[in-house]
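Open the model in your viewer and colour it by chain. The stops below say what to select and what is there.

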Amino acid sequence: MKLLLKGGRLVDPASRTDTTADVLVDDGRVAEVGPGLDAGGAEVVNCDGLVVCPGLVDLHVHLREPGREDAETIETGSRAAALGGYTAVCPMPNTDPVADNAGVVEMVAARGREVGLVDVFPVGAVTLGQRGSELAELGAMARSAAAVDCFSDDGRPIREARLLRFALEYARAFDAVIADHAEDASLTDGAQMHEGEVSAMLGLAGWPAAAEEMVVARDLLLAELTGGRLHLCHVSTGGAVELVRAAHFRGRPPPLHPDRRGRQLLRPGVQGQPAPAGEGRHRGGPPRAGRRHP
Amino acid sequence: MLSDASTPCGLGALLMSGMATVLDAADVQRALVRIAHEIVERNKGTDGLVVVGIHTRGVPLARRLAAKLSEIEGRQVPAGTLDVAMYRDDIGTRPPQATHDTELPFDLAGKVVVLVDDVLYTGRTVRAALDALTDFGRPRAIQLAVLVDRGHRELPLRADYVGKNLPTALGQAVRVQLAETDGSDGVVVEGPAEKVVAS
Amino acid sequence: MDKHLLSAADLTANDITRVLDTAAHLAKVTDRAIKKVPTLRGRTVCNLFFEDSTRTRISFELAAKRLSADVINFSAKGSSVSKGESLKDTAITLEAMGVDAIVIRHGASGAPWRLAEWVEAVVVNAGDGTHEHPTQALLDLYTIRQRFPGFDGLKVAIVGDVLHSRVARSNVLALTTMGAEVTLVAPPTLLPARVETWGAAVSYDLDAVLPKQDVVMMLRVQLERQRAGFFPSLREYARLYGLDGRRLDAMADHAIVMHPGPMNRGVEIAAEVADSLERSVIADQVANGISVRMALLYLLLGGPEVVP
C-alpha cells in the first residue's frame with residue numbers, strides 16, 4: 001500500500017531537517033523523501049499547511065486503567081495521544097492496583113496492543129504500592145511480556161537514600177531507568193505555588209526551589225555512586241539544571257534527562273521530539289516556576 | 001685417612017673424602033636375589049607372607065622382592081607401601097615432611113610382614129614404620145629387610161635380612177640409587193671417612 | 001608457608017598444591033579401622049568460635065583429633081565473652097594456658113589478625129566477618145581437583161551474595177592464584193564496590209554464563225538481605241539467580257555444582273539440584289573439609305616453632 005504525503009512542512013531534529021518536501025510511504029516504511037515526488041499509483045494526502053514529523057513520545061502519561069476508568073482508559077488515552085501526533089506513551093504506575101508486579105504491567109501492555117492506536121510502554125513502580133518502603137519485583141516486570149525498562153514511583157519521591165541506591169543498582173541488571181520525582185516533602189507541605197515574592201504577596205503557601213534541588217543533588221550523587229541510570233521527573237528550577245550540568249561536566253555515566261513541565265524529554269534509544277512548549281494547561285501538581293531554562 | 005683394616009668388607013682402602021660406589025647395579029640385583037631366597041628359607045615358603053616397602057626407596061625394592069618371591073615359589077606374593085611421615089618422632093623439630101600414599105591391599109591379621117627399606121641407620125624410621133603398621137592391624141610377625149645397614153643404631157632394632165653391611169662415619173651420607181627412582185641401580189657413599197672402631 | 005593461615009592471599013600456588021597433596025594422603029586415615037595418627041600428640045588446638053557454626057567447628061575438631069591433638073572448644077555463648085570479656089583478654093587467657101593453635105571464627109572482619117598480635121600460638125582463620133574463610137576455599141579447591149585434572153583455565157562461576165560472602169572472597173583469591181577463570185554472578189546490589197579489580201569477570205545474567213562453566217559454586221543467600229532491601233523478594237531472587245532443574249540442564253555435561261552450606265533449598269538452589277548425585281559434590285565438600293584441615297594442621301604445627 002503506497003502513500004504519498006505531499007507538500008507538508010517536514011521537521012526532523014535528528015537530521016536537522018526543516019523544509020517543505022514530500023514523503024513516500026510504501027508498505028508501512030518510508031521509501032523516499034524529497035520535493036516533487038512522483039505519486040506512481042500511491043494514495044495522495046495533501047499536506048499543504050501541515051507538519052510532517054517522526055512520531056512523538058510522551059514519557060509520562062496517566063492512563064488511569066486499571067482502577068479509574070471513569071477518568072480515563074487506555075483506549076481514550078491512546079486516542080488522545082494519536083490525535084496529538086504521539087505514537088508512543090509511557091503510562092505511570094499509579095493505577096489501582098498499582099503497577100508494581102508483572103501481572104498489572106502485562107495487562108496494561110496487552111490492552112494497549114489490543115487498542116492498537118499507539119505503542120503503550122508501561123512504567124513499573126519502584127516500590128511496592130509506591131509506598132517507598134520495599135523494592136517491587138523489578139526483575140519480574142523487566143522479564144515480563146511488558147518488558148518494562150523504566151521504573152518510577154511518579155509523584156511520590158523516594159525518601160530513603162538507601163532504597164534509591166538499591167533501586168539504581170538493582171536496575172542495572174536489566175539496564176533499566178529509575179525515574180525519581182525530586183521533592184523533599186517535608187518542605188512542601190500544603191504548597192500551592194513557587195515560594196517567592198508573588199506567593200508572599202498573595203498569601204499562598206510556597207514551594208521553595210531548595211526542596212527540589214536538595215533531592216536532585218542527592219539523586220545525582222547516588223547515580224554516580226551506583227552507575228545506575230537515573231531520570232529526574234519534573235525538573236523546574238535553574239538550580240537543579242546547574243546541578244545536572246555539573247554532573248555531566250564531571251563526566252560520570254549515565255546520561256541524565258530531566259523532565260520539564262512542558263514534557264521535553266529524550267530517552268536514549270527512543271526517537272523523540274520535544275513537544276511544543278508554552279502550553280497553558282497543567283496536568284498534575286502546581287507550577288513550580290523558578291528560573292526556567294530553555 | 002684410611003679406615004681401619006679390620007673393616008669387614010675391606011673397603012677401607014677405597015674410602016676417602018669424596019664419593020665412592022660401594023655397590024654397582026649387578027651387586028644390588030644379586031643382593032636382592034639372595035635376600036629373597038633367605039626370606040623363603042626362613043619362612044619355609046611364602047605362605048601368608050606380604051612385603052611392605054617404606055617410602056620412598058623401600059617401595060621399588062619391595063616390589064622387586066615381591067616379584068622375585070613370587071617367581072621362586074610360583075605363587076603371587078602381594079606388595080604394599082607404607083608412609084611413615086605421620087609417625088616420625090622428630091615432628092616439631094624440622095619442617096613438616098612431604099607425605100605419600102599408604103597402600104596395604106590386604107588384611108594384616110595372621111600375616112608375616114616383611115618390611116623393606118633401602119638404608120637402616122638410626123632405626124627411627126623403622127620404629128615409626130612398626131607403629132604405623134600396627135595401627136593397620138595385628139600381623140603374626142614383622143621382619144625387616146634392608147639393602148644397606150650402615151650402623152649407628154640409636155634404638156635397639158636390627159634387620160633380619162641385609163644386602164650389605166656398610167660401616168660408615170657419622171659425617172658420611174649413604175645414597176641408594178634405584179632404576180625406578182634415579183635411573184640406575186647403585187649405592188654410593190659420600191663424605192669424609194674417619195677411624196672406624198671395629199665392633 | 002607462613003606461620004598463620006589468615007587469608008587465602010597468603011598462599012602461593014605451591015603452598016596450595018602442597019596442602020591439597022597432603023590432604024589427599026591424609027584422607028585415607030578416615031578409611032582405616034583406627035582413624036588416627038600420632039603426629040600432633042601432646043599439642044593442644046583451641047576452637048575459638050564466636051559465631052555459631054556446628055559444621056566448621058566439628059570439622060576442625062575431628063581433624064585435630066585424628067592427628068592425636070587435644071582439642072578444647074570455646075564457644076561464645078555462656079562463656080566469659082558473653083559476660084563482656086574482650087577478645088584480647090580471651091586471647092591472653094588461652095595463651096597463658098599454653099595452647100599451640102587457635103582456630104578462630106569471629107563476626108568482625110580482621111579479628112584473626114588482631115588475635116595473631118596477642119598470642120604466640122598458630123592462628124587459623126575459620127571465618128572472619130564477611131572477609132575471608134581460607135580453609136573453605138582450600139577444601140573447595142580440593143573437591144574441584146577430585147573431578148578435574150587441573151585449575152589452569154578452568155571456568156568457575158560463583159553465584160549469589162558475593163557482597164557478604166567470605167567464602168567468595170577466599171575462593172576468588174585461591175582460584176585465581178591457581179590460574180582458574182572466575183566469573184561472579186549476582187544482582188548488582190550484592191556485588192562489592194570496585195569488584196572489577198578482583199581479577200574475576202562479573203555478570204548479572206546467570207543464564208548467559210552457565211553453559212560455559214566447569215564449576216558452579218552457589219552461595220547461600222541470607223533471608224535478612226531481602227528484608228534489608230538488597231532484592232525485592234525471595235521469589236524473584238530464585239527466579240533470576242537460583243539454580244533449578246532447568247538451569248542444571250543448561251550446564252555442560254561435565255560441570256559440577258558446589259555449595260558451602262548450609263543451603264536454602266528452594267531459594268538459591270532447588271532441592272532436585274542439591275540432591276543430584278551426578279552433579280552435586282556438596283556431600284564431598286563436607287568430607288573433604290576434614291582431610292584438608294588435617295593437612296593444614298599438620299603443615300602449620302608439624303614443624304619447629306617459629307621464633308618471631
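Start with Leu297(C) in this predicted model. Leaving aside residues up to four places away in sequence, Leu297(C) touches Leu40(C), Val45(C), Ala63(C), Ala64(C), Leu67(C) and Ala101(C).

Leu297(C) is among the residues with the most contacts inside the largest nonpolar core, which has 213 residues.

Now select residues 282–301 of chain C, which form helix H12. This helix gives the core 10 residues, its largest share.

Move to chain A and select Leu4(A), Leu5(A), Leu10(A) and Val52(A). These are among the five residues of another core, which lies apart from the one above.

Then turn to the chain contacts. Which chains have the most contacts between them? Of the two pairs of chains that touch, it is A and C. Select both sides: 14 residues of chain A and 12 residues of chain C take part. On the chain A side, helix H3 (138–142) and helix H4 (161–171) are the elements that give two or more residues. H4(A) supplies the largest share of that side, five residues. By class, the chain A side holds eight nonpolar, five charged and one polar residues.

Last, show chains A and B together. They do not touch, and their nearest C-alpha atoms are 48 Å apart.

Technical notes: Residues numbered from 1 in each chain as written. Chains lettered and ligands numbered in written order. Predicted model: local features only at pLDDT ≥ 70, side-chain atom pairs only at ≥ 80, totals over all residues. Contact = placed C-beta atoms within 7 Å. Helix = DSSP H or I, 4+ residues; strand = E, 2+ residues; numbered from the N terminus. Nonpolar A, V, L, I, M, F, W, Y, C, P; charged D, E, K, R; others polar. Core = buried A, V, L, I, M, F, W, Y, C linked by C-beta atoms within 7 Å. Buried ≥ 20, exposed ≤ 12 C-beta atoms within 10 Å, placed from the backbone.
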